[in-house]
Amino acid sequence: MLGSTQGSIGSFLLPYVILHLIGENLGQDVLDREIKALIFYSNQYDTNEINPSSDVLHQIGQSIFTLIDFLLLFSSLNNIDPNEQAKQINQRKRQPAQTAQQQQLPQQLNPDPLNIHDGTWNNLGITRIRDYIRLLHTDLSLARIAFKYDHYTRAYRHFEMYSSIEQQINITHNSEFLLKLFHRLNDQDSAYGIIAVRDMKPKQSDHTRTDMYEEILSYELTGQIDEAIVAYENVLEMNELNQANLHLYLGYLNNLLTQQQFQHTIDQATGIIVQYPTWTNMLNPLRIEAAWKLSKWNLLEKFCSHQKENIDLSHNEQRNESSKMNILHDLNVSKQFEEYVGKILCQAKKQNREEFYAEFRLALNSLMGPISAASMEVGSYQRAYDYLAKLHLLKDLEYYILKNIFHDDHSIMIIDNDSVDDVWSQRHALLPPNSKFIEPSLALRRTLLLLDDIDHSKQHALEIGECWLHSARIARAQNNSLAAIGSLMKANQSHPIEVAIERAQWMWDKGEKDRAIMSLKQKKIELLESKTINEGNHNENRLQVSADLKAQVWLLLARYSEQNSPHEAVFEMYKQSQEAAPHWEETHFYLAQFYDTLLSSCIESDPTSSNSNSTTTTNNFLSSTGLSLENKLRMMEYIRLAVNTYCRSLKYGCDFIYQSLTRLLTMWLDFASDLAPFIKPVPAPTTTTRKQQPSTTPTTNLPDAAQIKQHGHAKLSEITREVSSWTTRIPPYLFLAAFPYMVSRICHSEDMTSKALNAIITQVFAAFPQQTLWMMINLYGSSNSMRRDRCIAIWNEASNIEPGLHDFVVEATILIKQLDTLCMHAVAYGQNKISLSAHFKSFKRSYANQSACPILIPIQSQMQVCLPPPPVRFSLSTTSAHLQQQANNDLPTESTVKLSAMVNKQGALGRTTNRKAAQL
């Protein structure tokens, strides 16, 4: 206890000791020696490729960074006094010339840089601190150390300081370090910028090898794994197999693992080890990882049993190589954690409890050093997240093995009544949508399910298939073709329909659109034929009779067939999709978009559309002379169907709210604006928010004006009724996403539409007065009397709905006037200050008491619309029946329908499948 207390006191005093040593020029070499020692051990780590002691080097590095941060904070908080600096300069000018012997005396009597009485520093001490900070950043040593110990934001900050000192930085010279740094920061835009700058520079023939290394690095950073493997193979063909190419083989094998070519990785690594047995320690972890991901336990035991031999590498040969030799090592080629996982699984397979716990403790200790170093500073969660994610994997590994292999339920610290699937589901629901964290978890889950697969092969087959299906989605999102194909092939037996959907999306992304459509049509035929076959055998044909899977096939086929299939066939596909899954937002949204597309194609077919001066999105098609009456009536029906379907989609979700809500309002209001001259053939009032441009042909002179008026008014009435009806079934907060647009159309020229729109605005204002008030202030202060009267009428109507809003509206009007006076106050030229007490006495008097005004002054974050998250997040278990049973037990009927929709829309491990982002 005493040692711990002394250590804490020493950690507190050490920054102040270093500050006085440097500021008083008593010995700055203390910190220099520590930094040089850390750089030396880091270089040894680079050369020998042996992991440093995590508990030592990470914490030493963090201690040095803490000292440097203290010096930087001191430098930023203490400024040089210009008066003292000028005084010193004047004193030097007034002093006469002195001899050499006389000049030594003032130096010895130089005033102390620290004022003992008040503890302040003078210019001399501050200058010494700043000079020392600049001295530390004359090279990239600190940035490289921070990068080595996984502190990437700090590495970038030290690089910026180095850049500010050097003033002119050769980006090409530092492109390797910057590319690696932006890759770790997950900043692909900056990485692309560095690549572009580097490519603009002419390549030097003397550094062809460097260019090849950086080209490989560029491929890996941008996710082009196939191209990186080809580049590796080309470089390896031009170079003989020797120790200098060790990093090349490490990078090549690591990319094979990324492509899920596990057997190929084992074969390649084994062949290299046969020629160079001294490389076993470096290549054996890759074989161990590939073996446990393949669940080949004999190979895993063989690889784990290899005795580690001391590697006596030729340091001279390594040091003569360029620093490019370490590029691939810096891309997380180190497989220490994966090696520990393989050894833990090997001992679990042999049911050796003692060795299992020994290897498990080693794995934990390897992660504790970086985490403890990160915990020494504030805001380091992101820095340690990689290691925390690995801790989660170890926890899942321990839980599963103790429960299913050792059958030791008493040693498991977990919530009661939680199954393995529930634990995994909760874990995956918390993971960020990044393959760096999701794919290792999927691989471990597949392996654990096969660890005791003797008695549960059928039960685990579906879960393993779901893992492969989820891996295929990740690989397709990253354009990793080989991994996507391999994962789909392994998931095909247990999930044929999901695989067919994913394969069609993969073909569509590749540009093979005809193949994608044909594969979906074939699967559709199989689904239709399966209706009458084995209707009672639900277990064997569970996936074939699933209505949600059928909806996915039909929806995807309908979207892909929009451009090259008859409209009737596409409508039928959308209809089948809606019948199979009426609770899906996607089915209604994409059908509404199809109606919208048909409307746009009709507008584009109008030969006079290019000469139209209309400002509406419907292009004022009713007044066009290039369209027949039949086409105009068809376009009216398209508008009605699109608006109704958009409204229906909002009932079942808000994933597409920024497309659906704004589009349905625009179509409805613009159609009403186009129809207004037919219903009321008088010049549009000048108070309309949108200027009505005069059409080339007067509406009364059109031959079909009477029919357009009759049919158009009927359609508009129907659309308005549908919109008003849907607003009672849609939560009011959804309209906040388009509230400013609705307010801008408050003085609509068509009476019926204006009343319905104002009713929606009133409803939203009554529900959310604090948020909507500031979006309507411009109406109240408008010079247009109609806009101001409409605003007051809406506020009065809202006060009738919510009686408590009357006082709120009164206070709002007073505050608006006060703010107008404040903003419009005339300021004299040269006046720098304005006092509320002197110039705005009434304003200060009105709001001196904090409880006097119930109105919130918003900040920018409060003005942004943030929709609520889904009420629950859970994973897709192997059968939707299990989750459907939970839904029936825990939720009412309407919520159960939504719950089953979410269950079947979610991906394999609890995250909603982002089908719209994959360009269906």
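A polar contact is a pair of N or O atoms within 3.5 Å; within protein, one must be able to donate a hydrogen and the other to accept it, and residues adjacent in sequence count only if both atoms are side-chain atoms. This is a predicted model, where local features need pLDDT of at least 70, side-chain atom pairs count only at pLDDT 80 or more, and totals for chains, interfaces and linings use all residues. Residues are numbered from 1 along each chain as its sequence is written, and side-chain values use heavy atoms, with hydrogens and water left out.

Q: What makes the meeting of the E585 side chain with the backbone nitrogen of D655 a polar contact?
A: The E585 side chain comes to 3.1 Å from that nitrogen, and the limit is 3.5 Å. E585 sits in helix α29 (residues 585-604), a helix being a DSSP run of H or I with at least four residues, numbered from the N terminus.

Q: What else does E585 touch, beyond its neighbours within four places in sequence?
A: Its contacts (heavy atoms within 4.5 Å) are S649, Y652, G653, C654, D655, F656 and I657. C654 is 69 residues away in sequence, yet the C-alpha atoms are 7.8 Å apart.

Q: Why is E585 called buried?
A: Buried means under 20% relative accessible area, exposed over 50%, and partly exposed in between (1.4 Å probe, protein chains only). E585 has 2%, so it counts as buried. Across the 920 residues of the protein, 47% fall in that class.

Q: How do you know that the length of helix α18 agrees with its residue count?
A: The expected span is 1.5 Å times one less than the number of residues. For the 14 residues of α18 (residues 336-349) this gives 20 Å, and the end C-alpha atoms are 20 Å apart, so the two agree.

Q: What makes α18 mostly covered?
A: Twelve of its 14 residues are buried, including F337, Y340 and L345. The cover includes α15 (280-294), α16 (297-304), α19 (353-374), α20 (385-404) and α22 (435-451).

Q: Why is the pairing of D131 and R134 called a salt bridge?
A: A salt bridge is a side-chain nitrogen of Lys or Arg within 4 Å of a carboxyl oxygen of Asp or Glu. D131 is partly exposed at 37%, and R134 is partly exposed at 41%.

Q: What about R473 and E502?
A: Their N to O distance is 3.8 Å, so this too is a salt bridge under the 4 Å rule. The pair joins distant parts of the chain, 29 residues apart, from helix α23 (residues 457-477) to helix α25 (residues 496-510).

Q: What makes the set around W668 a nonpolar core?
A: The term covers buried Ala, Val, Leu, Ile, Met, Phe, Trp, Tyr and Cys residues joined through side-chain atoms within 4.5 Å. This largest core has 98 residues, and W668, F671, F765, M776 and W795 touch the most other members. Its largest share, eleven residues, comes from helix α31 (residues 657-679).

Conventions. Helix = DSSP H or I, 4+ residues; strand = E, 2+ residues; numbered from the N terminus.
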